[in-house]
Amino acid sequence: MNIAIVCTALLGLLLFGLGFNVSMQRRKNRRSIGHEPSPVDPLHRAVRAHANTAEYAPFFAVLFLWYATKPAPLWILATIALATAARFALAGALLFGPSLNRANPARMFGALFTYICGIALAAGLLVT
């Protein structure tokens, strides 16, 4: 099984699952638009997790799928897997961390490795 394809599928499931969660939170809170500004409001957290994922998942998917079209070096495959784990960690931290206005280890891991992996995979296009 191709790791790049599996990770693309996982990012798609994450993105659409988070979007569904926003819809369920909106229904539960009877709020069709906007959210409370509170950093612990479940709808606010759901919206931020989905929006943050929507910012990065599409370009990661493009990179992953490009690498899926050819034999990729092991470092690329490891970076793809790490990037996927980082995106899940960040979404989980936004949804379940103590508050949106406080850093936590999962959020820091997710953000840092999103940047590192994204830069590495984009630069890898220049050398592979």
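**Overall picture**

Of the 128 residues in the chain, 38% are buried, where buried means under 20% relative accessible area, exposed means over 50%, and partly exposed is in between, with a 1.4 Å probe and protein chains only. Before going further, a word on the source: this is a predicted model, in which local features need pLDDT of at least 70 and side-chain atom pairs count only at pLDDT 80 or more, while totals for chains, interfaces and linings use all residues. Residues are numbered from 1 along each chain as its sequence is written, and side-chain values use heavy atoms, with hydrogens and water left out.

The chain has four helices and zero strands. Helices here are DSSP runs of H or I of at least four residues, strands are runs of E of at least two, and both are numbered from the N terminus. In sequence order the pattern reads α-α-α-α. The C-alpha trace spans about 50 × 25 × 20 Å along its principal axes.

How much of the contact set joins residues at least 24 apart? Taking contacts between residues at least 6 apart in sequence, the share is 69%; a contact means heavy atoms within 4.5 Å.

**Helix α4**

Next, the helix at residues 105–127, which is α4. Its 23 residues reach 32 Å from first C-alpha to last, close to the 33 Å expected at 1.5 Å a residue. That expected span is 1.5 Å times one less than the number of residues.

Which residues of α4 are buried? They are G110, T114, C117, G118, L121 and G124. An α-helix has 3.6 residues a turn, so residues three or four places apart point the same way. The cover over the buried residues of α4 includes α2 (42–68) and α3 (74–96).

At the start of α4, a side-chain oxygen of N104 comes to within 3.2 Å of the backbone nitrogen of A106. That is a polar contact, meaning a pair of N or O atoms within 3.5 Å; within protein, one must be able to donate a hydrogen and the other to accept it, and residues adjacent in sequence count only if both atoms are side-chain atoms.

**Helix α2**

Y67 sits in helix α2. Y67 counts as buried because its relative accessible area is 3%. Beyond its neighbours within four places in sequence, Y67 is in contact with A72, I76, I80, L121, G124, L125 and T128. L121 and G124 were among the buried residues of α4. The side chain of Y67 also reaches the backbone nitrogen of L125 at 3.0 Å.

Outside four places in sequence, A68 is in contact with N2, A4 and I5. A68 and E55 are 13 residues apart along the chain, and their C-alpha atoms are separated by 21 Å.

With neighbours within four places left out, T53 is in contact with L14, L15, L18, P58, R87 and A91.

E55 and R48 form a salt bridge at 3.8 Å, N to O. The rule is a side-chain nitrogen of Lys or Arg within 4 Å of a carboxyl oxygen of Asp or Glu, and by this rule the count is one. R48 is partly exposed, because its relative accessible area is 31%.

**Remaining places**

G12 is in helix α1, residues 3–29. G12 and A61 are 49 residues apart in sequence and 8.3 Å apart in space, C-alpha to C-alpha. At 23% relative accessible area, G12 is partly exposed.

S99 lies in the loop between α3 and α4. S99 is buried, at 4% relative accessible area, and, leaving aside neighbours within four places, is in contact with P39, V40, R45 and R107.

Last, the surface. L10, L13 and F88 make a nonpolar patch of about 270 Å². Patches are made of residues with over 30% relative accessible area and no salt bridge; like charges are joined within 9 Å, and nonpolar side chains (Val, Leu, Ile, Met, Phe, Trp, Tyr) within 5 Å. F88 belongs to helix α3 and is partly exposed, at 36% relative accessibility.

Conventions
Areas by Shrake-Rupley, 256 points an atom, 1.4 Å probe, with all protein chains shown as cover.
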